Amino acid sequence: DASRVFVNHAQLVVLRFAAPIDWDGEQVRLAVGIASKGNEHVTVLGQLAEVLLDDDARAVLFDSNNKTEIAELLTKAFG
């Protein structure tokens with residue numbers, strides 16, 4: 001994809017909605033964007049899946065209002 005020339009390194013952005021939004025008939029509270037220069041997105045997706053499969057980590061992403069706690073969780077997961 002031509003847009004990858006603008007990506008310097010793999011990046012992740014997490015957006016949590018104040019109230020669920022309708023996304024193709026599903027109620028969505030969290031959206032994740034991934035940018036990668038090459039195939040790093042595969043690794044990022046795997047790491048994200050591990051976070052989301054962990055009940056405690058998932059609760060932090062969905063419910064915590066502590067930015068430091070969320071940042072530490074993601075830094076640890078994607079270090």
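I started with how two helices pass each other: H1 passes H3 in a right-handed crossing. My note on handedness: a crossing is left-handed if the near helix is turned anticlockwise from the far one by less than a right angle, and right-handed if clockwise. Helices here are DSSP runs (H or I, at least four residues), numbered from the N terminus.

Before going on, I noted that this is a predicted model, where local features need pLDDT of at least 70, side-chain atom pairs count only at pLDDT 80 or more, and totals for chains, interfaces and linings use all residues. Residues are numbered from 1 along each chain as its sequence is written, and side-chain values use heavy atoms, with hydrogens and water left out.

**H1 and H3.** I looked up the geometry: the axes of H1 (residues 40–53) and H3 (residues 67–78) come within 10 Å and cross at roughly 130°. Axes are lines fitted to C-alpha atoms, for helices over the stretch in contact, and angles run from 0 to 180 degrees between N-to-C directions. H1 and H3 are therefore oblique to each other. The cut-offs I used: under 35 degrees is roughly parallel, over 145 roughly antiparallel, 65 to 115 roughly perpendicular, and the rest oblique.

Next I checked who touches whom (contact means heavy atoms within 4.5 Å). From H1, Val44, Gln47, Leu48 and Val51 meet Leu73, Ala77 and Phe78 of H3. Ala, Val, Leu, Ile, Met, Phe, Trp, Tyr, Cys and Pro count as nonpolar, Asp, Glu, Lys and Arg as charged, and the others, Gly among them, as polar.

**H1 and H2.** Here the axes come within 5 Å and cross at roughly 95°, with H2 covering residues 55–63. That makes H1 and H2 roughly perpendicular to each other. I found Val51, Leu52 and Leu53 of H1 meeting Asp55, Ala57, Arg58, Leu61 and Phe62 of H2. This contact has six nonpolar, no polar and two charged residues.

**H2 and H3.** These two pack at an angle of about 135°, their axes 9 Å apart, and the crossing is left-handed. In H2, Ala57, Val60 and Leu61 meet Glu69, Ile70, Leu73 and Leu74 in H3.

**Ser64.** I then went to the loop between H2 and H3, where Ser64 lies. Is Ser64 buried or exposed? Ser64 is buried, at a relative accessible area of 9% (buried is under 20%, exposed over 50%, partly exposed in between, with a 1.4 Å probe and protein chains only). Leaving aside neighbours within four places in sequence, Ser64 is in contact with Arg16, Ala59, Glu69 and Ile70.
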